[in-house]
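Hi,

Here is the structure I promised to pass on. Have a look at it, then read my notes below.

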Amino acid sequence: MRKGTVWIYFVSLSFSSLVEIAWQVFSGSTDVALLTCRQDYIYSAVFVFQADKQEDGGMMKTALITGVTGQDGSYLAELLLDKGYKVYGMVRRASTETFSRISHIKDKIELRQADLLDELSLIKLLEDVQPDEIYNLAAMSFVPTSWDQPILTSEFTGTGVVRILEAMRRVCPKAKLYQASSSEMFGKVREVPQNEDTPFYPRSPYGVSKAFGHYITVNYRESYQLFAVSGILFNHESPRRGMEFVTRKVTNGAAAIKLGLTDELRMGNLDARRDWGFAGDYVEAMWLMLQQDTPDDFVIATGVDHSVRDLVVAAFEHVDLDWEKHVKIDPAFIRPAEVDLLLGDASKAERVLGWTPKTDFKGLVQMMVDADLVRLEALKSGRAMIG
């Protein structure tokens, strides 16, 4: 649905005036509705709709991002703003969310309250916003927590997807929806590397919930002819990643030890291997999926895997430290059911979307360590910076 402004005029018009209005309609500059005819005059309310336009003259698109305060949501909001979108972000009522990741763009986006646990709030949100594109990034995304809160994880990450799909079907079925699927759905992998046709074998409540969200998106696409796609994103990181994730735990730990703030980093399984990329690159793939003529699902990955040990080595080498002097193995950080290897095949995305990652593993780790050094230096000197 186009966005814009409506003017209402109560007038009587001659035939010649109608010709002028018709020209405006057919030239595409306005939409006009005329009511009540009487002889050669039209006594009417004239509704004139002027669509919003981008600076380049094209129609401005409206996007809704759930999970806008998270890592991916913040990078996606930046991307869409740069492309001239009107951006709405969904936040939960009485939320404890922090807005540090979007503080620099908060005055450029519009935040609205709704909840993936409340379908009526989602319906109201879509009625108000009338988005052209919906990016469902909200989820309980930290895998270890999903064992502590499996039911809540399934509500947010699984059935929450049904609620937003159902709201879309009822309110704005012509919109396009991106669903954030996950490589954790592959779990105990059946083949290496994993692509769009690889069977799922999730190994955590989070992975199971994501698999449900993925399949229900396919089901709604095929049952109701919705433009709904899933991006099966492999691990993607950045300086905005939460401290609870292993990548940020390692880069922050290396920076803290370098600055003398601690001398030890406790870790779990160093042999698990992941395909790590940069979140800023991956949100571009999300956007590209919704620019296609036909909805489809895509694996997004670098195609290169590294172990957690490789991550530790790269981070500590960047600050000229010997990791073996500081890293201790702690059984408390071992998962109940480990995913040993995730490695993606994104050849379909390269072929169809023209997408390839721009940031390599070493560059990603160094970017994150450098950001943590700056943040911790500021904290050390009394200038608060939130990671």
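**What I found**

In the sheet, G89 sits opposite L111 of β7. This is a predicted model, where local features need pLDDT of at least 70, side-chain atom pairs count only at pLDDT 80 or more, and totals for chains, interfaces and linings use all residues. Residues are numbered from 1 along each chain as its sequence is written, and side-chain values use heavy atoms, with hydrogens and water left out.

Strand β6 (residues 86-91) runs parallel to β7, and four bridges join them. (Two strands pair if DSSP finds at least two bridges between them; strands are DSSP runs of E, at least two residues, and helices are runs of H or I, at least four, numbered from the N terminus.)

Zooming out, seven strands make an open, parallel sheet in the order β7-β6-β5-β8-β9-β10-β15. β7 (110-113) and β15 (298-300) are at the edges with a single partner strand each, so one side of each has no neighbour in the sheet.

Now the helices. α2 (residues 71-82) lies across β5 (62-66), β6 and β8 (133-136), at about 175° to β5. α5 (residues 150-171) packs on the sheet too, touching β5, β8, β9 (176-182) and β10 (227-233), and its direction makes about 170° with that of β9. Contact means heavy atoms within 4.5 Å; axes are lines fitted to C-alpha atoms, for helices over the stretch in contact, and angles run from 0 to 180 degrees between N-to-C directions.
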